[in-house]
Amino acid sequence: MTVTEAKAILLLYRPGTADAEDPQIAGALTLAKREPELARWLEDHCARQEALRAKFRKITVPAGLKEQIISEQAARIVTLSRHRRNTVFAALAALAAVVILLIVMSSSWLPRRQIEDNTLAIYRNQMAGVALRGYGMDLTTNDPAPIRAYLVQKQAPSDFVLSAALQKAAVTGCAVEGWQNVKVSMICFRTGRPLPPNQSSDLWLFVVDRASLKDAPENGQLRIAANKGLITAVWTQGDKVYLLGTEGDESTIRKFL
Amino acid sequence: MAECLDFESLVTRYYEPLYKFAFSLARDESDACDLTQQTFCIWAAKGHQLRDPSKVKTWLFTTLHREFLGIRRKQTRFPHVELDQAEPELPVVSPAAISRHDTAHVLAALARLDEIYQAPVALFYLQDCSYNEIAEILQVPLGTVKSRLARGISRLQKLLGDETGGPRPEQTRL
């Protein structure tokens, strides 16, 4: 190792540190003990390094920095946990709001529709449509007993009362219809008039629970109205509302009341 | 390991050297505090990813240095002096001349060095890190650190010697 090489190596030497343990530096330091010129250079170099080191040593750490770092980190954790808690709370609140909205909608809007649709006029109109537009009979029979049994089985109104005229009319079958989530029993008859080849009935009786209509007629009250080419008669008896329909006029329907 | 990774213990152990490193780079107390705090903040968020607890110290210094470089690149308000890559002569400034400078002056001279020399020279004079640790912090090979230190120290002393004025001491060719 030459003196020049030793100076290059010792340029990185910091007196008083573990740098002296570096093999290259240790070798250069050994050489400095033998070479007076290198020894003088090293002495100056160490003084310069120490002078510069002293400048860096004078950097003072502001008082309270450590406490500030720790306290701000603690505050950050609190803020984060509060933020997380708030996020969870906000999510739950949003969920609750949606549930409340759905409840409000189901308790106000939907029932209002039911109430609005739950009128005799609409019921009559809809049942007339069933009779006129065609229907499929669930049970085809001329025996009234199986009809009641079938309606019992289907949990549709079955304990209806027939007028004497209807009892005499020829029954042809029955079906269960739906209206406002309520089952409606449909009993089909023949008036005795000639029927087209594809038609088996021309007189229809619809029976529904009275509670399903908000404006059902009072007991003993009869309402006759024309609907879509049908003449209909509506009355209430007990807890049932009866709707009888046929083609013709009021005199036609009255024959069966 | 748990002791090493405990936040408060970690702050107690490293906040001073980190602050001094930050100050030697930023030369502003407020910026240095922010850098130190930000470093520990990053540690709190990401420190758990560090598998080897023996690397905590270099991780902290590396993080601080990266933060400093990131901020400086955004600000682009720190001028630096481009010097020749080759530095054949070692300017010799007397210890007395250096002593006439205050710390702010020395750090100002450090700031005038090219960016790649500033951090290694600061870490070198702060004497908190070995060469290997400086290499790890800056994530460059040991040989690169040594060459950057040699150039950085030479240029820093040259700058200080130039600013001292008066007759220059002898110059020694390496």
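**A first look at both chains**

Reply: The accessible surface of chain A comes to about 14100 Å², with 56% belonging to carbon and sulfur atoms (areas come from the Shrake-Rupley method with a 1.4 Å probe, and for residues only the protein chains shown count as cover). This is a predicted model, where local features need pLDDT of at least 70, side-chain atom pairs count only at pLDDT 80 or more, and totals for chains, interfaces and linings use all residues. Residues are numbered from 1 along each chain as its sequence is written, chains are lettered from A and ligands numbered from 1 in the order in which they are written, and side-chain values use heavy atoms, leaving out hydrogens and water.

Me: How many helices and strands are in chain A?
Reply: Chain A has eight helices and seven strands. Both are DSSP runs numbered from the N terminus: helices are H or I with at least four residues, strands are E with at least two.

Me: What pattern does chain B follow along the sequence?
Reply: Chain B reads α-α-α-α-β-α-α-α-α-α-β, with nine helices and two strands.

Me: What share of each chain is buried?
Reply: In chain A, buried residues make up 39% of the 257 residues. In chain B they make up 48% of the 174 residues. Buried means under 20% relative accessible area, exposed means over 50%, and partly exposed is in between (1.4 Å probe, protein chains only).

Me: What about contacts in chain B between residues at least 6 apart in sequence?
Reply: Of those, 73% join residues at least 24 apart. A contact means heavy atoms within 4.5 Å.

Me: Switching to helix packing. How do H1(A) and H2(A) cross?
Reply: Helix H1 (residues 3-10) of chain A and helix H2 (residues 23-34) of chain A have axes that come within 9 Å and cross at roughly 130°. The axes are lines fitted to C-alpha atoms, for helices over the stretch in contact, with angles running from 0 to 180 degrees between N-to-C directions. H1(A) and H2(A) are therefore oblique to each other: under 35 degrees is roughly parallel, over 145 roughly antiparallel, 65 to 115 roughly perpendicular, and the rest oblique.

Me: Which residues meet there?
Reply: From H1(A), Val3(A), Ala6(A), Ile9(A) and Leu10(A) meet Gln24(A), Ile25(A), Ala28(A), Leu29(A) and Leu31(A) in H2(A). By class, this contact of H1(A) with H2(A) has eight nonpolar residues, one polar and no charged. Here Ala, Val, Leu, Ile, Met, Phe, Trp, Tyr, Cys and Pro count as nonpolar, Asp, Glu, Lys and Arg as charged, and the others, Gly among them, as polar.

Me: At what angle do H2(B) and H3(B) cross?
Reply: The axes of helix H2 (residues 7-26) and helix H3 (residues 29-46) of chain B cross at roughly 140° and come within 8 Å. That makes H2(B) and H3(B) oblique to each other too. Their contact includes Phe7(B) and Leu10(B) of H2(B), and Phe40(B) and Trp43(B) of H3(B). It divides into 16 nonpolar, two polar and two charged residues.

Me: Now loops. Where is Gln155(A)?
Reply: Gln155(A) is in the loop between helix H6 (144-153) and helix H7 (164-168) of chain A. Its phi is near 60°, a positive value in a residue other than glycine.

Me: Why does Gln155(A) count as exposed?
Reply: Because its relative accessibility is 67%.
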